[in-house]
Amino acid sequence: MIRAFHRWPGLLALALVTILALSGAALSVFPAAERLASPQAEAVLSVATLAARVQTAYPAVEQIRRQPSGRITAYWFDGGTAGAAVIDPATGQGVASADPNRAQRWLTRLHRSLFLGDGGRIAMAAGAASMLVLSLSGAVLVARRLGGWRRWFRRLRGRLAGRLHVEIARLAVIGLLLSSASGLWMSASTFDLVPDGGRLPAFPTELSGATGVAPDRMPVLQQTPLATLRELSFPAPGDPTDVFTLKTDRGTGYLDQGSGELRAWADLTGWARLSETLYMLHTGQGAALLGLVLGLMALGVPVMGATGVLIWHAGRRGRPRIRGNQPAGRAETILLVGSEGGSTWGFAATLHAALTAAGQRVHVGPMSGFAPHRYAQAQRIILLAATYGDGVAPASAKGFLDRLRDTDGTRAIPLAVLGFGDRSFPAYCAFAKAVAQEASSKGWPELLPLDSIDRQSPQDFARWGRALGQVLGLDLALAHQPLLPKTATLTLISRRDYGAEVQAPAAILRFALPRVSVWQRLSRGGFARFSAGDLIGILPEGSAVPRLYSLASGHRDGFIEIVVRRHPGGLASSQLTALAPGDRVTAFLRRNPAFRPGRGRTPLILIGAGTGIGPLAGFVRGNARRRPIHLFFGLRDPQSDFFYGDELPGWRAAGRLTRLVTAVSRAERPHHVQDALRGEAVDIVRLIRGGARVMVCGGRDMATGVADALTEILAPVGLSPAALKAGGRYVEDVY
């Protein structure tokens, strides 16, 4: 509920809130500029002294005003002509025009009413209300993501758009709350929906009837510091029934122009003080530094709006539309999904449709939204949990384990966990296993034993569905049709062949960049933006299951490049290695943020064998800043499968590659990449102790051998691959 409460006001009022924020940020500069440009009075100056100086310079003065910035303005009417000037309090003389700043006036009208009168004021009030809702709900969501209010400034992880959205939110939320709440109050005050607290004293009925007492001889004005003045109005010349009107920070009073005595006084009310405080907080008038800070915070709104749209779009892109999805509070079955690329949502849609057809009320949502207190009618909870990387939570399950640990299982809702993964990886369904173990330890009843789906198998899913149907007493047939991601057509523009001499045909395939839409460019979706190390999914003819290949290029290179070895019986690899320039394939892009070199100047140790050189070569090619890179490459025969053998010398000469160490496995003395690491043990230890990051790409057996070799090399200095992984300095992309 809170997530929806945050999402929809943001999306619906994005343009309005952005105008409010940008115009408010621009207006926040004026109070500070006014204070800097206006002559300031000495601390001991009284209203009496100032009035006398101004009256000497302008005998027909009618009013003196002091702004919260310290700016003093005098107004007069002389010889039928009105005049006004900014006053130097030291002399009483005018030093600048009092005409309002045109840019400020234009921005103020835009900010208050969009130049549309009362209709515009109502619209901007709605914008302020939206900003208040966004600020409150956003603060709660940030606290949830970070694990509580005490962890407000905890380090963030995840995709750039999400990190940037939260980073700005947790810095700017206090300012946005102040600005939106005070703006709403001012809007309500404009339409007399709240009391303004303004109160004038009753006009005196008894006056001296005399005139002519100079302001500097009036005790009240002598005792009133100029710093507290708001306005001093002079009586009409020659009218003994008129009075001096004095307005200060304390209230309003009337002074007899014949005796100088205070004839009536009214203090500011509590409502008036509240209104003035909120006005100060909103405009910065009287607190220029605060105004600048609030204006700076407001500049984060358009950035948060843009990143929020990207987050929303990314979430929707991976989720199917589920018709008839019930609210969590009314559902009998709570179906929660943990997915990184979006494929698990397709299985959830299939299960939702089958359960709904069987008469069940089903709610589907992300695991990150787990909230047992909302499941008032739930009879069971089913978790579809994919595993990301080396066993961590996928994108839509962030924070789930923390929330599960905070429960005690007292609701006694039976719970089932179904894992999704690939058995070729050692961390197969590790996240699902962690969820099942934690649920058991917290006392949640088991609806079904932990089960798993290998490589998105519809057959495995149908088997599990039959078991679920037996438990529920339903005839449940889960016929899942995999949801294909949005694809593009890639045209091959060149190929280089390798490996024929060692009976392992392979090729470096280079494709032209496909056309991307304007929206993809703005959202950086699809092939609009990608990096070496990301994954390209190829949909081979005759199969609905994509094959993933690591990219050896980034979008700045102007092409898409992969390295493919043909495997006996391999459908995708056979079709790819048979392509000729001009042929086309259907493909999609999948981000792989866990396998990126990161920024900075710390050295990289890149280790790969065979086609695993692909993304590593992409990192070297993109190393325009000449970061130290040490590449260890295992190959079979230098004359046959030395991928990028022509480019590597040039990259080294250009400073993009610091060192290249090769290991040939089919030479007279076979040498593997792990052997090459042992031969360079001294340098490896030196680099890692200096902060180097290790990146491994290739087959699983090679990666295991590399980990074993590094364990031996690093043990004498108290380090290990496991410790480096925990610190984010050892990453793998293996197959």
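Which residues does Leu278 touch, not counting residues up to four places away in sequence? Leu278 touches Ser182 and Trp185, where contact means heavy atoms within 4.5 Å. The model is a predicted one: local features need pLDDT of at least 70, side-chain atom pairs count only at pLDDT 80 or more, and totals for chains, interfaces and linings use all residues. Residues are numbered from 1 along each chain as its sequence is written, and side-chain values use heavy atoms, with hydrogens and water left out.

Leu278 belongs to helix 9, which covers residues 270-283. Helices (H or I, at least four residues) and strands (E, at least two) are DSSP runs, numbered from the N terminus. With a relative accessible area of 16%, Leu278 is buried. The classes are buried (under 20% relative accessible area), exposed (over 50%) and partly exposed (in between), with a 1.4 Å probe and protein chains only. The C-alpha atoms of Leu278 and Met186 are separated by 7.9 Å. Along the chain, these two residues are 92 residues apart.

Helix 9 has 14 residues. From first C-alpha to last, helix 9 reaches 20 Å, close to the 20 Å expected at 1.5 Å a residue. The expected span is 1.5 Å times one less than the number of residues. Buried residues of helix 9 are Ala272, Ser275, Leu278, Leu281 and Thr283. Just after helix 9, Gly284 has a positive phi of about 80 degrees.

Gly183 is located in helix 7 (residues 160-190). Its relative accessibility is 10%, so Gly183 counts as buried. Gly183 and Tyr279 lie 96 residues apart in sequence. Their C-alpha atoms are 8.2 Å apart in space.

Helix packing was examined next. Two packed helices are described by the angle between their axes and the distance between the axes. Axes are lines fitted to C-alpha atoms, for helices over the stretch in contact, and angles run from 0 to 180 degrees between N-to-C directions.

Helix 2 (residues 14-27) packs with helix 5 (residues 102-113) at an angle of about 150 degrees, and their axes are 9 Å apart. Helix 2 is therefore roughly antiparallel to helix 5. Angles under 35 degrees count as roughly parallel, over 145 as roughly antiparallel, 65 to 115 as roughly perpendicular and the rest as oblique. The crossing of helix 2 and helix 5 is left-handed. A crossing is left-handed if the near helix is turned anticlockwise from the far one by less than a right angle, and right-handed if clockwise. On the helix 2 side, Ile19, Leu20, Ser23, Gly24, Ala26 and Leu27 take part. They meet Gln104, Leu107, Thr108, Leu110 and His111 in helix 5. By class, the contact of helix 2 with helix 5 has 6 nonpolar, 5 polar and no charged residues. Ala, Val, Leu, Ile, Met, Phe, Trp, Tyr, Cys and Pro count as nonpolar, Asp, Glu, Lys and Arg as charged, and the others, Gly among them, as polar.

Helix 2 has 14 residues and spans 20 Å from its first C-alpha to its last, close to the 20 Å expected. Val17, Thr18, Leu20, Ala21, Ser23, Ala25 and Leu27 of helix 2 are buried. Ala26 is also found in helix 2. At 28% relative accessibility, Ala26 counts as partly exposed. The C-alpha atoms of Ala26 and Ser550 are separated by 46 Å, with the two residues 524 residues apart along the chain.

Helix 12 (residues 343-357) and helix 15 (residues 458-472) cross at roughly 35 degrees, and their axes come within 12 Å. This crossing of helix 12 and helix 15 is right-handed. Helix 12 contributes Phe347, Thr350, Leu351 and Leu355 to the contact, and helix 15 contributes Phe461, Trp464, Leu468 and Leu472. The contact has 7 nonpolar, 1 polar and no charged residues.

Helix 21 (residues 681-689) and helix 22 (residues 700-714) pack at about 80 degrees, with axes 10 Å apart. Helix 21 is therefore roughly perpendicular to helix 22. Ala681, Ile684, Val685 and Ile688 of helix 21 make the contact with Leu710, Ile713 and Leu714 of helix 22. By class, this contact has 7 nonpolar, no polar and no charged residues.

Backbone angles complete the description. Most residues other than glycine have a negative phi. Leu114, not a glycine, has a positive phi of about 55 degrees. Leu114 is in the loop between helix 5 and helix 6 (117-146), and is buried at 19% relative accessible area. Tyr644 has a positive phi near 60 degrees. Tyr644 sits in the loop between strand 21 (629-635) and helix 19 (648-653). With a relative accessible area of 0%, Tyr644 is buried.
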